[in-house]
Amino acid sequence: MSSVPDDLRYSKEHEWVRADGDVATIGITHFAQEQLGDVVFVELPEKGTAVRQFSSLGVVESVKAASDIYAPVSGEILERNVKVIEKPELVNTEPYGDGWMIKVRLANEGELAQLLSPQDYRSHIGETAGAGGD
Amino acid sequence: MTTLRRQPIPDVGASQTKALEPLLFELARPGRAGRHVRDEGTADIPTQFRRTAPLELPELTEPQVVRHYTHLAQLNYAVDTGMYPLGSCTMKYNPKINDRTASLFADLHPRQSYQTTQGVLALAYELEQMLAKITGMDFVTLQPAAGAQSELTALLMFKAYHAKRGEAAQRRRVIVPDSAHGTNPASAAMCGYQVTTVRSDARGNVDLEALKGTLGPDVAGFMLTNPNTLGLFEERVREVCAAVHDAGGLVYGDGANMNALLGVARPGDLGFDCVHINVHKTFSTPHGAGGPGAGPLCVKALLRPFLPKPWIVREADGTYHYDTAREDRDPEPVGDSIGSIKQRLGNFGVLVRAYTYMKTLGEDGLAETGRDAVLAANYLLALVRDRYDVAYDRTPMHEFVLSAAKQKKQGASALDIAKALLDEGFHSPTVYFPLIVPEALMVEPTETEPKETLDAFAAALVRIADQVARDPAAVRDAPKNTPLRHLDEVGAARRPVLRWQRPT
């Protein structure tokens with residue numbers, strides 16, 4: 001698994017977005033989970049909640065620290081990942097897979113353009129382009 | 001020939017008891033008791049209040065209970081057994097005389113009348129005066145039970161202050177630095193404020209330009225720790241406070257690191273409108289384990305009207321009473337006061353200990369305390385700084401933050417190093433805080449450690465750094481000498497078991 005998959009958009013706060021039509025799936029990046037260490041608790045908003053781009057979306061707590069998760073895009077929460085609430089370790093083991101956090105209905109697809117490309121995110125975290133994985 | 005097989009000796013020695021001390025519930029057997037309890041009947045108790053099922057308490061003899069707690073105490077690491085360099089916590093030694101004086105007040109009732117507690121009020125009044133003097137503030141409330149409750153008290157007072165000026169609705173934001181203690185934004189959120197974080201600059205100070213950029217007529221206040229959580233004195237603290245005041249906001253001082261300033265600098269002179277005191281840190285009252293604590297709040301005169309009630313009043317004839325209730329009734333919300341935060345004098349026993357500490361040292365002694373705390377930290381840093389990265393290359397105050405980023409690359413993290421220190425006989429420093437330093441090791445030796453202990457601790461840190469470079473796996477395998485090894489802190493956090501359950 002690449003640590004920065006090519007098919008996603010990224011925020012500077014280390015969230016990723018996978019857009020599929022007007023539905024966006026959101027999680028935190030491999031880099032973020034690595035910095036956090038073992039994740040022990042995830043708090044996510046309920047279905048129907050409206051979120052604004054770059055505002056606080058929830059909390060992820062590790063053995064080291066509790067950190068806010070920021071919404072990389074605005075929209076209405078369609079679903080939160082109950083599995084990741086029950087098994088927070090999924091954030092560590094599959095940050096881009098079963099460790100996803102919420103799905104939102106995109107309020108403004110134009111916001112995606114304000115996010116980082118995989119290349120830009122790699123340089124944001126100081127990773128050499130193309131050097132995927134650990 | 002008969003072979004005598006030696007029976008295994010029941011291992012009741014240190015290793016066994018250390019390895020696992022059973023719970024009281026596991027030691028208990030029905031019918032055991034420490035005292036003979038007379039059955040005095042339940043005739044006096046109204047039927048609806050009588051218990052129908054027996055209370056499930058463990059039943060043990062007195063020596064069983066004494067041994068249980070003695071064993072636990074033997075497993076404990078405390079300031080009384082060794083150095084406790086837990087950064088941001090000021091784990092200084094607690095002089096025993098504090099407990100002796102506190103015990104003198106043990107038989108008083110918290111609701112006792114002011115006529116029969118003149119000495120209590122005199123002590124509390126004098127403590128208020130001393131705290132005001134050493135912080136450069138005008139008035140003090142002793143009520144808050146801890147630093148975090150003091151934050152809440154202050155922010156409620158900020159709210160009342162802005163409301164009095166007709167700006168309550170407009171001022172809805174509180175600003176905190178990115179190096180702030182987690183309680184700061186939490187207290188602000190509890191008061192209904194929105195929290196804005198302002199970044200630190202390259203020298204580890206609040207970024208003044210970034211702060212000015214976010215200040216405005218919607219800001220209620222700014223919360224600042226000085227020295228900050230990086231152990232660094234805020235170099236532009238006067239300008240920071242002035243900028244907040246220019247925007248109509250108030251400045252809260254988180255007094256967690258007051259130990260560094262004792263008798264040398266006063267938050268009131270630096271521009272703060274109020275500051276709390278963690279007496280368990282600065283003035284050597286017992287620490288941790290949930291309290292009781294105390295967090296007096298010291299304020300400038302402009303905030304006085306909003307202070308919690310009741311206030312202690314000293315009459316010209318040297319007698320004392322509460323301002324709101326000469327008859328010792330509970331105070332009604334009076335005037336602009338936010339009301340009562342914790343009854344009357346808060347956790348008085350803790351305050352007596354702080355009073356004792358201050359009186360024992362005197363003004364000169366307290367100033368020496370602050371200077372020695374800074375000296376100890378700088379001495380220690382000088383001994384270890386060539387082995388670890390230093391987060392900000394400045395002269396620290398009473399604590400400093402190392403980064404184990406280099407060691408992490410070599411194969412052992414800050415957490416591994418912290419655990420390796422346990423094998424060396426030391427409590428670990430604070431790790432992974434402040435959040436803005438990767439692999440942070442935050443070290444605060446305090447003024448109470450002799451030079452030999454500082455040397456030994458530095459030598460341990462250096463040995464561990466050398467071992468990380470040579471054999472990181474060995475460091476990852478630490479601790480080897482503790483009663484229990486490799487505790488599953490992740491499992492404990494993910495699946496906490498908080499109550500004993502009777503085995504089925």
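User: Where is B:Y432 placed in chain B?
Analyst: B:Y432 sits in the loop that runs between strand 12 and strand 13 of chain B. Strands here are DSSP runs of E with at least two residues, helices are runs of H or I with at least four, and both are numbered from the N terminus. The model is a predicted one, in which local features need pLDDT of at least 70, side-chain atom pairs count only at pLDDT 80 or more, and totals for chains, interfaces and linings use all residues. Residues are numbered from 1 along each chain as its sequence is written, and chains are lettered from A and ligands numbered from 1 in the order in which they are written.

User: What is phi of B:Y432 near?
Analyst: The phi of B:Y432 is near 60°, which is a positive value in a residue other than glycine.

User: Is B:Y432 buried or exposed?
Analyst: B:Y432 counts as buried because it has 21 C-beta neighbours inside 10 Å. The term buried applies at 20 or more other C-beta atoms within 10 Å of the residue's own, exposed at 12 or fewer, and partly exposed in between, with C-beta atoms placed from the backbone.

User: And B:T90, what is its phi near, and where is its place?
Analyst: B:T90 has a positive phi near 45° and is likewise a residue other than glycine. B:T90 belongs to the loop between helix 3 (62–75) and helix 4 (96–103) of chain B. With 26 other C-beta atoms within 10 Å, B:T90 is buried.

User: Changing topic: which peptide bond to B:P227 is cis?
Analyst: The bond from B:N226 to B:P227 is cis, with omega near -5°. B:P227 lies in the loop between strand 4 and helix 9 of chain B. A cis peptide bond also joins B:K309 and B:P310, with omega about 0°. B:P310 is in the loop between strand 7 (297–299) and strand 8 (312–314) of chain B.

User: What is B:L230 in contact with?
Analyst: B:L230 is placed in the loop between strand 4 (219–225) and helix 9 (237–246) of chain B. Leaving aside neighbours within four places in sequence, B:L230 is in contact with B:S179, B:G204, B:A391, B:Y392, B:V401 and B:P434. Contact is defined as C-beta atoms, placed from the backbone, within 7 Å. B:L230 counts as buried, since 29 C-beta neighbours lie inside 10 Å.

User: How is chain B divided into domains?
Analyst: The domain assignment gives domain 1 (96–357) and domain 2 (364–484) of chain B; such bounds come from an automatic or database domain assignment. Taken over C-alpha atoms, the centres of domain 1 and domain 2 of chain B are separated by 31 Å.

User: How many residues are in contact between domain 1 and domain 2 of chain B?
Analyst: 19 residues of domain 1 are in contact with 19 residues of domain 2 of chain B. On the side of domain 1 that touches domain 2 of chain B there are 9 nonpolar, 8 polar and 2 charged residues. In these classes Ala, Val, Leu, Ile, Met, Phe, Trp, Tyr, Cys and Pro count as nonpolar, Asp, Glu, Lys and Arg as charged, and the others, Gly among them, as polar.

User: Where does the largest nonpolar core lie?
Analyst: The largest nonpolar core has 120 residues, and those with the most contacts inside it are B:C274, B:L351, B:I417 and B:A440. A nonpolar core is a set of buried Ala, Val, Leu, Ile, Met, Phe, Trp, Tyr and Cys residues joined through C-beta atoms within 7 Å. Helix 12 (residues 348–384) of chain B gives the most to this core, with 16 residues. Domain 1 (96–357) and domain 2 (364–484) of chain B both give residues to this core, so it lies between them.

Note on methods
Contact = placed C-beta atoms within 7 Å.
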